Amino acid sequence: MHIEISEEKIDSRHGTSQKTGKPYSMFWQVGYMHQQGEKYPLKMNIPCDEGQAPFKVGNYDLLDSAFQVNQNGNLELRRFSMPLVARK
């Protein structure tokens, strides 16, 4: 899967969970997913860890380790991990 990063910027959201009352922080970088046969890429958020350096501007491939098999035997994306490697 081809992912394009066009800006070296990590966005964040902080707050307090209404459910648990505990503080939370979420970090992400905007990317664009290119799908075969589609004219335009889809904008997406790539989850990041706190303090993680942003991905450099460029083109990346999503690694196989971004996927898992759930309890029902279905393939799905890992919720908080999206490992990317620079395209050659």
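Tutor: Contact here means heavy atoms within 4.5 Å. The model is predicted.

Student: Which residues is Y60 in contact with, leaving aside its neighbours within four places in sequence?

Tutor: Y60 is in contact with M1, H2, I3, I5, F55, L84, V85, A86 and R87. Several of these names return in the largest nonpolar core, which has 11 residues: I3, I5, M33, M44, I46, F55, Y60, L62, A66, M82 and L84.

Student: Which elements give two or more residues to this core?

Tutor: They are β1 (2-5), β4 (42-48) and β5 (58-62).

Student: How do I read burial? Is Q29 buried or exposed?

Tutor: Buried means under 20% relative accessible area. Q29 has 0%, so Q29 is buried. The residue is found in strand β3 (residues 23-34).

Student: Which backbone atoms lie by a polar atom of the side chain of Q29?

Tutor: The backbone oxygen of E7 lies 3.0 Å from such an atom, and the backbone nitrogen of F55 lies 2.8 Å from one. Not counting residues up to four places away in sequence, Q29 also touches others, including I5, M44 and I46.

Student: And S12: what does its relative accessibility make it?

Tutor: S12 counts as partly exposed because its value is 40%, and the residue is found in strand β2 (residues 11-16). The side chains of S12 and H14 are joined by a polar contact of 3.2 Å. Beyond four places in sequence, S12 is in contact with M26, F27 and W28.

Student: How far apart in space are S12 and Q71?

Tutor: They are 30 Å apart, C-alpha to C-alpha, and 59 residues apart in sequence.

Methods:
Residues are numbered from 1 along each chain as its sequence is written. This is a predicted model: local features need pLDDT of at least 70, side-chain atom pairs count only at pLDDT 80 or more; totals for chains, interfaces and linings use all residues. Side-chain values use heavy atoms; hydrogens and water are left out. Helices (H or I, at least four residues) and strands (E, at least two) are DSSP runs, numbered from the N terminus. Buried means under 20% relative accessible area, exposed over 50%, partly exposed in between (1.4 Å probe, protein chains only). A polar contact is a pair of N or O atoms within 3.5 Å; within protein, one must be able to donate a hydrogen and the other to accept it, and residues adjacent in sequence count only if both atoms are side-chain atoms. A nonpolar core is a set of buried Ala, Val, Leu, Ile, Met, Phe, Trp, Tyr and Cys residues joined through side-chain atoms within 4.5 Å.
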